[in-house]
Amino acid sequence: MVDSWATRRGEPRRRTTGSGQRTGDGEQRAGGSDQRTGGLGTDLHLDLPPGGGTGVRAALIRALRDAVRTGRLAPGTRLPSSRSLATDLGIARNTVADAYGELVAEGWLTARQGSGTRVAERVVPPEPAPPRTPPAAAVAAARPTYDLRPGEPDLSAFPRTAWLSAARRALTAAPNDAFGYGHPAGRPELRRVLADYLARARGVRAAPERIVVCAGFVQGLALLSKVREKAGHREVAVESYGLDVHWNVMRRAGLRTVPLPIDQQGARTAELDRSAGLRNVLLTPAHQFPIGVPLDPDRRAAVVDWASRVGGLVLEDDYDGEFRYDRQPVGALQGLDPEHVVYLGTASKSLAPALRLAWMVVPDHLMDGLLALKRTGEWESGRLDQLTLAEFIDSGAYDRHVRGMRMRYRRRRDQLVAALAERAPRVRVSGIAAGLHAVLQLPPGTEQSVVQGAAWQGLALDGLSRYRYRDEQGQKQQQEPGGQPDALVFAYGTPPDHAFAGALEALCRVLP
């Protein structure tokens, strides 16, 4: 046996080395664990200053101590041997051994024969508490009791059993090539059934070859924006009330957005001719979001006439076209002019956003550019989910689900109207002929106070002004004389059934 000495804080510390013996940090030399594992140790990520030098030992101690203190190295975790860690870090083994010894002495680590060096089983003092959050900010940051903001359907109603059955059938029948990368337009099975369904249910004129499957509406909008920008059509009109995420997606693709005013007949399509270079417009013609009105028939005709005359393109967002309650559904605008209207639909409202499945019905002259762009990166949706949706639609389960949800959402809408008539008769409700949300008109100047009061009641609600057009700098467009009133956007489709009565009660408490 050979004895060696090391110094820590001026005091001698004995380490013994030799065949089959252990060092002061609990490692086994020849015949020990390093030999049995071929010299390979546990991986451990540590940030040390480059270049080594006299500060490496202190830096290593500090890094290990911080890793234990923050919980990244849990109690009982076995650390790499000093030989392995020294090799990984490119420093002297004695430096690692001394750092281990220091932390053993301080109580952060333990070194016992047969167990190596481990993080000590000890209670680490908690980190200092963050500064006290102001009450108003705390309310805003807290998870609401009822989230009544639009954007999602009733997620509790997802047809899990029927979807699982469709997935099983689709997976069993899937050809081998379904597990490959496939065509950038999507699986042919889904494109075929979508062409049939959209023609039957939404009046869309589409062949399967003109359908492109994408991972959500926003991805489809980004693809179209990039194609239009590349073609030199860099200006797009958007409705003066809508979703800022859509405006920002198009801006990031290189397009300049211009607002198109909205009234109770929808977008004022006659104003498209005011901009000589304008060749694109994004519309929600079946149920304007968030105002909730359908585009007037004369304006529908006017916008397709404009697109045909100037060689423009209408991007039709049919986000909730299946859910119309009081009369026949408003057919898709695309049916009037398939060569100048791109139809965009999605399963996010009819089923669930988590599926990340949407589709575009595209004019022939755009297909090559879109497919070339899709081939350049990760623009694909899951192939197996596409097969499942194809089976789900083809089996009739999709129609049954949509009909059932249409009845459920209509009952909620009727409950909302009845509750407002009884509890808040001065609040006028509009935009309720279709969709999953309603607009509740408020007395002038009360929108912000009602939204704030709702937050204190555990309600997450958006005021209508939240959706007013903002420019690239985030500045809201000035309200036009006679424009939209103060209002709330109430998503009655979002809460599960068991929570809807409570959400209505809380809403009525905060309304003026």
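## Helices H8 and H11

At what angle do helix H8 (residues 217-230) and helix H11 (residues 364-374) pack, and how far apart are their axes? The angle is about 115°, and the axes lie 10 Å apart. Axes here are lines fitted to C-alpha atoms, for helices over the stretch in contact, with angles running from 0 to 180 degrees between N-to-C directions. H8 is therefore roughly perpendicular to H11; angles of 65 to 115 degrees count as roughly perpendicular, under 35 as roughly parallel, over 145 as roughly antiparallel and the rest as oblique.

H8 passes H11 in a right-handed crossing, meaning that the near helix is turned clockwise from the far one by less than a right angle. From H8, the contact (heavy atoms within 4.5 Å) is made by Leu 223, Leu 224, Lys 226, Val 227 and Arg 228, and from H11 by Leu 366, Gly 369, Leu 370, Leu 373 and Lys 374. Six of these residues are nonpolar, one is polar and three are charged. Ala, Val, Leu, Ile, Met, Phe, Trp, Tyr, Cys and Pro count as nonpolar, Asp, Glu, Lys and Arg as charged, and the others, including Gly, as polar.

## About the model

This is a predicted model, in which local features need pLDDT of at least 70 and side-chain atom pairs count only at pLDDT 80 or more, while totals for chains, interfaces and linings use all residues. Residues are numbered from 1 along each chain as its sequence is written, and side-chain values use heavy atoms, with hydrogens and water left out.

## The whole protein

The protein has 15 helices and 19 strands. These are DSSP runs numbered from the N terminus, helices (H or I) having at least four residues and strands (E) at least two. Of the 512 residues, 50% are buried, that is, under 20% relative accessible area with a 1.4 Å probe, protein chains only.

Among contacts with a separation of 6 or more, 73% join residues 24 or more positions apart.

Helix H2 (residues 56-69) packs against helix H4 (residues 93-106) at about 45°, with the axes 9 Å apart. The two are therefore oblique to each other, and H2 passes H4 in a right-handed crossing. By class, their contact has eight nonpolar, one polar and five charged residues.

In helix H3 (residues 82-89), the buried residues are Ser 82, Ser 84, Leu 85 and Ala 86. Just after H3 comes Gly 90, with a positive phi of about 70°.
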